[in-house]
Amino acid sequence: MKIQFVDVTKSFPVRDSSVPFTALSDISLEVREGEFLTLVGPSGCGKSTLLDLLTGLVKPTSGEILIDGVPVSGPGLDRGIVFQQYALFPWRTAVANVEFGLEAKGVPRRERRALALSYLELVGLHGFADRYPHELSGGMRQRVAIARSLAFDPDVLLMDEPFAALDAQTRESLQEELLRIWEKTGKTIVFITHGIDEAVYLGQRVAVMSASPGRIRTVFDVSFTSREGDLRAQPLFGEYRHEIWSLLREEAVPVG
Ligand code: ADP
Ligand code: MG
């Protein structure tokens with residue numbers, strides 16, 4: 001198992017209260033080596049907190065997070081992160097942004113440029129190496145951010161709603177591109193989204209979360225016999241989508 005959450009709970013202290021707020025409760029989840037797992041849930045259900053735990057920036061209140069069987073003790077270059085906001089350096093060109101990852105890895109200067117250019121090519125940005133972030137569209141900036149994360153050559157790619165700020169058409173082309181990159185690189189990907197379609201389109205498995213406190217409701221196996229043509233138009237796509245939608249809707253209706 002590449003990643004294991006074992007009975008993980010995360011609570012935050014609440015000001016002027018002795019009762020902490022439980023953001024995540026009893027999370028048990030496993031991600032296989034090379035798997036593309038999507039995690040979908042309503043806003044505020046603890047998705048980003050779960051990812052923060054994986055990065056090692058935040059510690060669980062109880063339970064354990066293991067990577068390759070070893071407890072996560074802090075941030076590491078084995079995990080690359082892509083956020084919704086473009087976390088690019090505005091004073092660096094696209095290629096220099098990607099080179100940042102390589103500098104961190106100690107790759108010699110000579111090799112850096114060539115490698116960085118190959119990562120830009122991988123994300124479909126051939127010819128845009130010398131553009132500054134402000135000279136790129138939102139979608140292109142996210143491509144650079146993905147290239148920079150890949151340049152660290154992480155085992156695991158953690159993505160927190162990376163396409164949420166993009167228009168629908170750009171989002172779809174990046175989703176397709178990401179699947180291609182995943183197939184090519186064999187990385188383990190944990191991809192967070194609040195979009196059901198996105199979760200079903202990208203994930204081999206979809207973990208559905210519920211809120212207050214954040215829990216994993218179900219994990220769906222998503223398998224299409226063929227991804228040829230318009231996947232979203234396949235009846236099976238609609239079935240997965242509806243099942244997840246029903247689960248999330250149940251959640252939104254107050255009971256009792
Ligand atoms: P999501 O990413 O699913 O929208 P988050 O993980 O950001 O949800 O947040 C889950 C819940 O935990 C929210 O109610 C949020 O207010 C709370 N929370 C997140 N981080 C903190 C923190 N550092 N201190 C207190 N509460 C937090
Ligand atoms: Mg979030």
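Tutor: Leaving aside neighbours within four places in sequence, Arg32 is in contact with Met1, Lys2, Thr188, Arg205 and Asp221, where contact means heavy atoms within 4.5 Å. This is a predicted model, in which local features need pLDDT of at least 70 and side-chain atom pairs count only at pLDDT 80 or more, while totals for chains, interfaces and linings use all residues. Residues are numbered from 1 along each chain as its sequence is written, chains are lettered from A and ligands numbered from 1 in the order in which they are written, and side-chain values use heavy atoms, with hydrogens and water left out.

Student: Where is Arg32 in the fold, and how far is Ile3 from Arg32 in space?

Tutor: Arg32 is placed in the loop between β2 and β3; helices (H or I, at least four residues) and strands (E, at least two) are DSSP runs, numbered from the N terminus. Arg32 and Ile3 are 29 residues apart in sequence, and their C-alpha atoms are 6.8 Å apart in space.

Student: Buried or exposed, or in between, for Arg32?

Tutor: Arg32 has a relative accessible area of 41% and is therefore partly exposed, given that buried means under 20%, exposed over 50% and partly exposed in between, with a 1.4 Å probe and protein chains only.

Student: Switching to the sheet, what is the strand order?

Tutor: The order is β2-β1-β4-β5 in an open sheet of four strands, with antiparallel pairing, and two strands pair if DSSP finds at least two bridges between them. The edge strands, each pairing on one side only, are β2 (21-31) and β5 (70-71).

Student: How many bridges join β1 to β4, and what packs on the sheet?

Tutor: Strand β1 (residues 3-12) and strand β4 (residues 62-67) run antiparallel and are joined by five bridges, and Val6 stands opposite Glu64 in β4. Helix α1 (residues 47-55) packs on the sheet and touches β1, β2 and β4, its direction making about 120° with that of β1; axes are lines fitted to C-alpha atoms, for helices over the stretch in contact, and angles run from 0 to 180 degrees between N-to-C directions.

Student: How many aromatic pairs does the structure hold?

Tutor: The structure holds eight aromatic pairs, counted when rings of Phe, Tyr and Trp (its six-membered ring) have centres within 6.5 Å, with planes under 30 degrees apart taken as stacked, over 60 as edge-to-face and the rest as tilted. One of them is Phe36 with Trp182, which is edge-to-face because the planes are at 80°, with the ring centres 5.5 Å apart. That pair links distant parts of the chain, 146 residues apart, as Phe36 is in strand β3 (residues 36-40) and Trp182 in helix α5 (residues 168-185).

Student: Last one: how many helices and strands does the chain have?

Tutor: The protein chain has seven helices and ten strands, and buried residues make up 47% of its 256 residues.
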